[in-house]
Amino acid sequence: MTAKSLRQPGHSDEPAAQQDRQAIEVLLSVSQMVAGTLERDAVLASAMDAAADAMSAQACSILLRDDDTNELCFHIVKGDRAEPLGSVRLKIDDNSIAGWVANHEQSLLIADAYRDSRFNPSYDRETGFRTKSVLCLPLVAKGKPLGVIQILNRRDGKPFDESDLELAEAVAGLIAVAIHNAAEHEARVAAERIATVGQTIAGMAHCIKNILNGLQGGSYIIDQNIEGGGLAKVKRGWGMVKRNMGLLSNIVLDMLSYSKERKPVYKSCSVNDLCRDVVTLLKEQADGKGVLLTTDLSGELSEAEMDETAIKRCLINLVGNAIDACEGHKGAVTVETGLTKDADRFTICVRDNGSGIEPAQLEKIFNPFFSSKGSKGTGLGLPVAKKIIEEHAGVLSVTSAPGEGTAFLIELPIRRPDDEGE
Amino acid sequence: MAKALVVDDEADAREFVRAILESGDWEVEEAEDGDVALAKVAEVKPDLIVLDVQMPRKDGFAVFGELVKSPDTKDIKVIMLTGVQQKMGIGFSADDMGEYLGKEPDAYVEKPIDPEAFKRVVQKVTGTE
């Protein structure tokens, strides 16, 4: 649409050039308002604000098509007209103004609604609003009808005229494109979500298959040697079976922790004792890989409020990772505790002198099913650890230098955050 | 006795393949990553390499690519161990690999390994039926 075609005789008290300039400003502001977001409800809300403003109208509503039922449904109603219309649905036929516009895909300019046979005054009776003049336009983007926009009553009390209709058509065009973009965006987000679910399942399947390989290997070795009495080999096979059962139980626990939003069950407990427990638990695993596992615990630190089971799970994952990172490196892993400067938070640092993490990988380590450990990793340990710490209103950070080692730092409040309640 | 090199980052998986091969009179060497594997190939001169695809640092395909490039190693029989990611088409397609490296591994075996099926693949690949 050109500025020239906007010039209509309607508002004859304004000079034509000024009218054109105003129209262009209105269209600019509408396009800015609807371009600000891609979220559909926000697009609809700002579109209605923009349209009511642009047209100096008392009320505006957008009705979107439901192609399954051949109906229009009100989305959001803006202006002096009250809320109850939210659930109203209209048939797409010639028995209502909006229905007619959707049916014929043509705009209507109605100077006095009460003199139009398609007008249904029951909405006015319900809401106490008095409809006078109506502009109703189809919303069409890329040839696809999306619904209808209704603009009610000029604020100056005069009926809408042809120049209003022409401006409204431009406004409706912008709004239709914004709704179309929002719908496409929604579809894209949904598709991405499905792809992510697919990748997650593939990651899980891969991980479980590796465990299955270990279990089958163990059983095969036991089978092969149980008759001949090769006891040492039977023991090796049995060790494989036990190790892989442990892995399976770990991945199930991690999957459960990762899959649901969980509020920590706070209890006061000793941070240093918790660290000692975890170190004792993983000592055998560390010894088996020739890794020295030690603690460096702060005497300043006593009790803190936390979900002990969850933090333990997190520490097991971090220390287990550190041990793996050190394998074959004359490794050492230290679990250190301390207080922050203002003493309202405590820290647990899991430090290793292992292989370190490349900067490019560092960004990805908290993504589920990203594992740098080949078939050994589940790819869930770190996402779970991070989730647990964040559920405690804490921070999990990492620093690493390839070839020198890695440090994971947990920082947690000593007291439970206020919004968790007492 | 024919010599085999088993390359996998996971000790349990190496142990499993070793047990299957030893029951079929193979002499087995192991390597825990791609670099160690390439060093051992030169030293051991194996008749067969069982190569895991997914390993940290140098993966199975990188190792295979280097074996193919060298006239000393290009004729060694290679069985690739693949995971479910490959099967789901996320990792690679065998045709792409063949085109990319100019040669495909002699066989693919999917984990978890079925010992009897694996033995048959080894016999077929090495012509020891």
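Analyst: K233(A), R14(B), R18(B), E22(B) and E30(B) are joined by salt bridges into a network. Please bear in mind that this is a predicted model.

User: What is the general idea behind such pairs?

Analyst: Side chains of opposite charge can pair when their charged atoms come close. In this structure, a search over all chains finds 31 salt bridges.

User: Which elements hold R89(A) and E71(A)?

Analyst: R89(A) forms a salt bridge with E71(A), with 2.7 Å between the closest N and O atoms. R89(A) lies in strand β3 (residues 89–91) of chain A and E71(A) in strand β2 (residues 71–79) of chain A, so the pair, 18 residues apart, links distant parts of the chain. E71(A) counts as buried at 16% relative accessibility, whereas R89(A) counts as partly exposed at 39%.

User: How many residues separate E305(A) and R416(A)?

Analyst: A salt bridge joins the side chains of E305(A) and R416(A), at 3.9 Å from N to O. The two residues are 111 residues apart, with E305(A) in strand β9 (residues 303–306) of chain A and R416(A) in the segment after β13 (405–413) of chain A. With a relative accessibility of 18%, E305(A) counts as buried; R416(A), at 21%, counts as partly exposed. The two labels differ because buried means under 20% relative accessible area.

User: Let us turn to nonpolar cores. Which residues touch the most other members of the largest one?

Analyst: The general idea is that, in soluble globular proteins, nonpolar side chains tend to be buried together. Here the largest nonpolar core has 42 residues, and L318(A), F346(A) and I410(A) touch the most other members. Several elements of chain A each supply at least two residues, among them α8 (271–288), β10 (332–339), α11 (381–391) and β12 (395–401). The most comes from α9(A), which gives 10 residues. A second, separate core has 37 residues, including L135(A), I151(A), A178(A) and I179(A).

User: What does F346(A) touch?

Analyst: Leaving aside residues up to four places away in sequence, the contacts of F346(A) include V271(A), L301(A), A304(A), M306(A), I410(A) and I414(A).

User: And is T347(A) buried or exposed?

Analyst: T347(A) counts as buried, at 15% relative accessibility. Its place is in strand β11 (residues 345–352) of chain A.

User: Finally, how are two packed helices described?

Analyst: Two packed helices are described by the angle between their axes and the distance between the axes. In chain B, helix α1 (residues 11–22) and helix α6 (residues 115–126) pack at an angle of about 65°, and their axes are 10 Å apart. The crossing of α1(B) past α6(B) is right-handed.

User: Which residues meet there?

Analyst: From α1(B), F16(B), V17(B), I20(B) and L21(B) meet P115(B), F118(B), K119(B) and V122(B) of α6(B). Seven residues of this contact are nonpolar, none is polar and one is charged.

Methods
Residues numbered from 1 in each chain as written. Chains lettered and ligands numbered in written order. Predicted model: local features only at pLDDT ≥ 70, side-chain atom pairs only at ≥ 80, totals over all residues. Heavy atoms only, no water. Axes fitted to C-alpha atoms, helices over the stretch in contact; angles between N-to-C directions. Helix = DSSP H or I, 4+ residues; strand = E, 2+ residues; numbered from the N terminus. Left-handed = near helix turned anticlockwise from the far one by under 90°. Contact = heavy atoms within 4.5 Å. Nonpolar A, V, L, I, M, F, W, Y, C, P; charged D, E, K, R; others polar. Buried < 20%, exposed > 50% of the residue type's maximum accessible area, 1.4 Å probe, protein only. Salt bridge = Lys/Arg side-chain N within 4 Å of Asp/Glu carboxyl O. Core = buried A, V, L, I, M, F, W, Y, C linked by side-chain atoms within 4.5 Å.
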